[in-house]
Amino acid sequence: MTLMLLVASGSLGPAGIMLNLFTAVPIAYVHMRCGTTAGAGAVILTAVGIYLFNGLAGVAGYLLQFGLIAFLLPYLLRRGWAWDKAAAASVVVIIVGAALLLTGYVNTAGSSMSELVDAYVNAEVEQAMELYSASELEPEQLEQLQSTVGQMADFLRYAYPGLAVAVTGFLALLLLWILALLSRGA
């Protein structure tokens, strides 16, 4: 189910963001219902599937965005941690893990963190502009949109670390809420 959500969200482009909100749910649910071994097995099987399609970079992205939270949050909850402490600890582990992984990556690539963020933002801007260029916008609307997207890109370059923490926290709380709904009070 997680692989299907990832493939669907990737093929939908910007509209796939909504599916990304639910990508961690199937594995987290399996972990809560069936235990740590089943949760770890689901994360590993999903990582193997992603490796076959996207290689090691895809696995790293999956683990940082969805795999760790899908495993760690239910793990802490099953160990009796309070929901707020479990969510906060999960966010800290993911952010520290991402920082270490990205630092190691930029050091081996002979790059810097700002260059990595710039490349990511530029790729997203390019993809968005391709999408808008294909639409039936008037030339002046397209020009205004390009200006707005450029301003947003500048903001993202500046605010990326804070946004990463905020989005990770939001996903942890959303996953926690969905798990609470699925548990029916158990």
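Trainee: How many residues apart are phenylalanine 71 and tyrosine 75 in helix H4?
Mentor: They are four residues apart in helix H4, so about one helical turn separates phenylalanine 71 from tyrosine 75. This is a predicted model, in which local features need pLDDT of at least 70 and side-chain atom pairs count only at pLDDT 80 or more, while totals for chains, interfaces and linings use all residues. Residues are numbered from 1 along each chain as its sequence is written, and side-chain values use heavy atoms, with hydrogens and water left out.

Trainee: And how many aromatic pairs does the count come to?
Mentor: Rings of Phe, Tyr and Trp (its six-membered ring) pair if their centres lie within 6.5 Å, and planes under 30 degrees apart count as stacked, over 60 as edge-to-face and the rest as tilted. By this rule there is one aromatic pair. Phenylalanine 71 and tyrosine 75 form a stacked pair, with 5.8 Å from centre to centre and 20° between the planes.

Trainee: Changing topic, how many helices and strands are there?
Mentor: The protein has seven helices and zero strands, where helices (H or I, at least four residues) and strands (E, at least two) are DSSP runs numbered from the N terminus.

Trainee: At what angle do H1 and H4 pack?
Mentor: Helix H1 (residues 2-11) and helix H4 (residues 36-78) pack at about 85°, with their axes 12 Å apart. That makes H1 roughly perpendicular to H4. Axes are lines fitted to C-alpha atoms, for helices over the stretch in contact, and angles run from 0 to 180 degrees between N-to-C directions; under 35 degrees counts as roughly parallel, over 145 as roughly antiparallel, 65 to 115 as roughly perpendicular and the rest as oblique.

Trainee: Which residues in H1 and H4 meet?
Mentor: Thr2, Leu3 and Leu6 in H1 meet Thr46, Gly49, Ile50, Tyr62 and Phe66 in H4, contact meaning heavy atoms within 4.5 Å.

Trainee: What lines the largest cavity?
Mentor: On a 1 Å grid over the protein atoms alone, a cavity is a set of points where a 1.4 Å probe fits but cannot get out, and lining residues have an atom within 4 Å of a point. The lining of the largest cavity is made up of Asn20, Leu21, Ala24, Val25, Gln65, Phe66, Ile69, Leu171 and Leu175.

Trainee: Which helix gives the most to that lining?
Mentor: H4 does, with three residues, and both H4 and helix H7 (139-183) supply at least two residues each.

Notes: On a 1 Å grid over the protein atoms alone, a cavity is a set of points where a 1.4 Å probe fits but cannot get out, and a pocket is an open set with protein on both sides within 12 Å along at least five of seven lines; lining residues have an atom within 4 Å of a point.
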